[in-house]
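My entries follow the order in which I checked things.

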Amino acid sequence: MLIDSAIKYSPEARKSRSMETRADLNLKMNKKAIFDIVSLHSSYGYGTNYSAVNNQSAVVGNNLTTSQSAFYNLGVGVQLPLSMLVNRKNVTRIQKTMLDVAVAEKDNSELQIKQDVITLYQEFKLEQKLLVISSKNKQSAEVNNTIAQKDFLNAQISIDQVSAVAEKYNKSVVDFETNIIKFQTSLMQLQAYTHTDLSLLIRKL
């Protein structure tokens, strides 16, 4: 889900898809370019019918008839430069190569996005676990610190001992706050890259 979303919204991936589409359209346009030089022409005329020439059924000596009739011609004309004929195959191959390059660039872009999402996701999972561990360490250190304070007041431990316990507790607080920042940073980076709200995902993890 995260990979698909990242690919969908990535500017680089959209650029690669657009380049592929452009190369594909250029190739299709080149294949159909010959139709641009095909012309349909027609003509209509009315006059003496000369079609009787060489008509064996006509009366000898009267091969040309003077009867009036209408004529209608319809045809298709093509004017194709020789250079186009020679180069058309090469142009098609070049544009097909450009399409292959565009497809390869798109695939490479999507592969890079997949790798980035995997890395960000693994970092997010790691920071989440470290946050849980630091939270438990903080709770444990807080309990020990509370007990040590009571024991010190009851003269059961020395000031050096209670200071050592307090130092561990303070360190656990710093670690916990640091891991909160790291977790939030990892979360926001993953959300920004994938354009996905991870609140639902966090509850599932």
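**Serine 186.** I looked up its burial and got 7% relative accessibility, so serine 186 counts as buried (under 20% relative accessible area; exposed is over 50%, partly exposed in between; 1.4 Å probe, protein chains only). Serine 186 lies in helix α4. I skipped its neighbours within four places in sequence and listed the remaining contacts: Leu120, Glu123, Phe124 and Glu127. Contact here means heavy atoms within 4.5 Å.

**Ground rules.** This is a predicted model, where local features need pLDDT of at least 70, side-chain atom pairs count only at pLDDT 80 or more, and totals for chains, interfaces and linings use all residues. I number residues from 1 along each chain as its sequence is written, and side-chain values use heavy atoms, with hydrogens and water left out.

**Helix α4.** I took helices (H or I, at least four residues) and strands (E, at least two) as DSSP runs, numbered from the N terminus. I then checked the length of α4. Its 36 residues should span 52 Å at 1.5 Å a residue, and the end C-alpha atoms are 52 Å apart, which agrees. The expected span is 1.5 Å times one less than the number of residues. Histidine 195 follows α4 and has a positive phi, near 55°.

**α1 against α4.** At what angle do the axes of α1 and α4 cross? I found roughly 55°, with the axes of α1 (residues 2-9) and α4 (residues 159-194) coming within 7 Å. That makes α1 oblique to α4 (under 35 degrees is roughly parallel, over 145 roughly antiparallel, 65 to 115 roughly perpendicular, the rest oblique). The axes are lines fitted to C-alpha atoms over the stretch in contact, and angles run from 0 to 180 degrees between N-to-C directions. On the α1 side I noted Leu2, Ser5, Ala6 and Tyr9; they meet Leu190, Tyr193 and Thr194 in α4.

**Threonine 92.** I placed threonine 92 in helix α3 (residues 82-153). Its relative accessibility is 18%, so threonine 92 counts as buried. Threonine 92 and leucine 27 are 65 residues apart in sequence, yet 6.5 Å apart in space, C-alpha to C-alpha.

**Whole chain.** I counted five helices and two strands. From the N terminus on, I read the order as α-α-β-β-α-α-α. Of the 205 residues, 23% count as buried. Among contacts with a separation of 6 or more, 76% join residues 24 or more positions apart.
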